[in-house]
Amino acid sequence: MKSRVLFTIMTAGILLLSCKSETKLTQYSAIYQEQPATIYIAPLNDFAMRHIMREMDDSLYNNSVSTAAMQLYLTAAAPLTVNGYYVPGPLVSAQIAASETRTGKQLRSDNINDYYTDLGIDAILFIDLVGWTQTTNAWTVEVEYILRSTHSNSELMNVHVNATKHLITDYKGNPQPLPEDIDFAEKFGCDLETAQRCRLVETLNNFVLKDLPTGKRARQHKTERYISSHPEFFYLRIKKDGSVEMLNNPEL
């Protein structure tokens, strides 16, 4: 009996240690060292598969994932701004992207000091939409965030997330949207599936990017560096009531 209790305690301790996150000072040491003030969000890399156009549903699906991809890009600036960073607006960002002759791959590997010397940009945020999966009552998106310095050309952040939004179902098993989903669909004139996807990626942006250290335009707190940060890879779950939780294992 004692050995079983001891084994249970040891197992719980191992699980706690495996789930323990690093402090922000450790996770974002490069950001604290360089202290970027201006972050440019590069054009989104959308790798999500589209349906071959055979039926009307294929067109609706393709439009839905394309709209959600645009929402992922457009809503990335807000959490950065709230966190104290300066982010060029959509028009300025579009002009920067239009004048760029290098490919996205080159921007991630070549020297990008010119973004600082010519434009005053301290770091570039790259967002990869890897793909979508879904079940009867859930949508899942896989996204990678990379923040690269224009001073040292090094990566300041690399986070990979699988985020899932779960829906309430009725007695027949049909998914039921939340009131917030319905409001979003009515406000932007889109269908409910598109609204679900858009609200999922917006929540994901807020969760990931607000975890960054506070920028120069916001007041920093002495204790910030020592609180837990998000790991480099994790699962995000938006539960049926709309609350959000971070998981190390999708089965939990």
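Me: Glu55 first: is it buried or exposed?
Reply: Glu55 is exposed, with a relative accessible area of 54%. Exposed means over 50% relative accessible area, buried means under 20%, and partly exposed is in between (1.4 Å probe, protein chains only).

Me: And where does Glu55 lie?
Reply: In the loop between β2 (45-46) and α4 (56-74). The helices (H or I, at least four residues) and strands (E, at least two) are DSSP runs, numbered from the N terminus.

Me: How far apart are Glu55 and Ser149?
Reply: C-alpha to C-alpha they are 45 Å apart in space, and in sequence they are 94 residues apart.

Me: Before I go on, what should I know about the model and the numbering?
Reply: It is a predicted model, where local features need pLDDT of at least 70 and side-chain atom pairs count only at pLDDT 80 or more, while totals for chains, interfaces and linings use all residues. Residues are numbered from 1 along each chain as its sequence is written, and side-chain values use heavy atoms, with hydrogens and water left out.

Me: OK, overall picture then. How many helices and strands?
Reply: The secondary structure comes to 10 helices and 9 strands. The C-alpha trace spans about 60 × 60 × 30 Å along its principal axes, and 38% of the 252 residues count as buried.

Me: Switching to charges. How many salt bridges are there?
Reply: A search of the whole structure finds 8. The cut-off is a side-chain nitrogen of Lys or Arg within 4 Å of a carboxyl oxygen of Asp or Glu. Side chains of opposite charge can pair when their charged atoms come close.

Me: Which residue does Asp181 pair with?
Reply: Asp181 forms a salt bridge with Arg199, and the closest N and O atoms are 2.5 Å apart. The pair links distant parts of the chain, with Asp181 in helix α9 (residues 179-188) and Arg199 in helix α10 (residues 192-209), 18 residues apart.

Me: Is Asp181 buried or exposed?
Reply: Asp181 counts as buried, at 0% relative accessibility. Arg199 is partly exposed, with a relative accessible area of 22%.

Me: What about Asp114?
Reply: Asp114 forms a salt bridge with Arg102, with 2.7 Å between the closest N and O atoms. Asp114 lies in helix α8 (residues 114-119) and Arg102 in the loop between α6 (90-99) and α7 (104-109), so the pair ties together parts that are 12 residues apart in sequence. Asp114 is partly exposed, at a relative accessible area of 27%. Salt bridges that share partners also join Glu100, Arg102 and Asp114 into one network.

Me: And which residue forms a salt bridge with Asp46?
Reply: That's Arg50, with the closest N and O atoms 2.7 Å apart. Asp46 is partly exposed at 28% relative accessible area, and Arg50 is partly exposed at 31%.

Me: Back to α10. How many residues does α10 have?
Reply: α10 has 18 residues and reaches 26 Å from its first C-alpha to its last, close to the 26 Å expected at 1.5 Å a residue. That expected span is 1.5 Å times one less than the number of residues.

Me: What caps the N-terminal end of α10?
Reply: Asp191 does, through a side-chain oxygen 3.1 Å from the backbone nitrogen of Glu193. As for the buried residues of α10, they include Ala195, Cys198, Leu200, Val201 and Leu204.

Me: How do α4 and α10 pack?
Reply: At an angle of about 25 degrees, with their axes 9 Å apart. Axes are lines fitted to C-alpha atoms, for helices over the stretch in contact, and angles run from 0 to 180 degrees between N-to-C directions. α4 and α10 are therefore roughly parallel to each other; angles under 35 degrees count as roughly parallel, over 145 as roughly antiparallel, 65 to 115 as roughly perpendicular and the rest as oblique.

Terms used
Polar contact = N/O pair within 3.5 Å; in protein donor to acceptor, adjacent residues only side chain to side chain.
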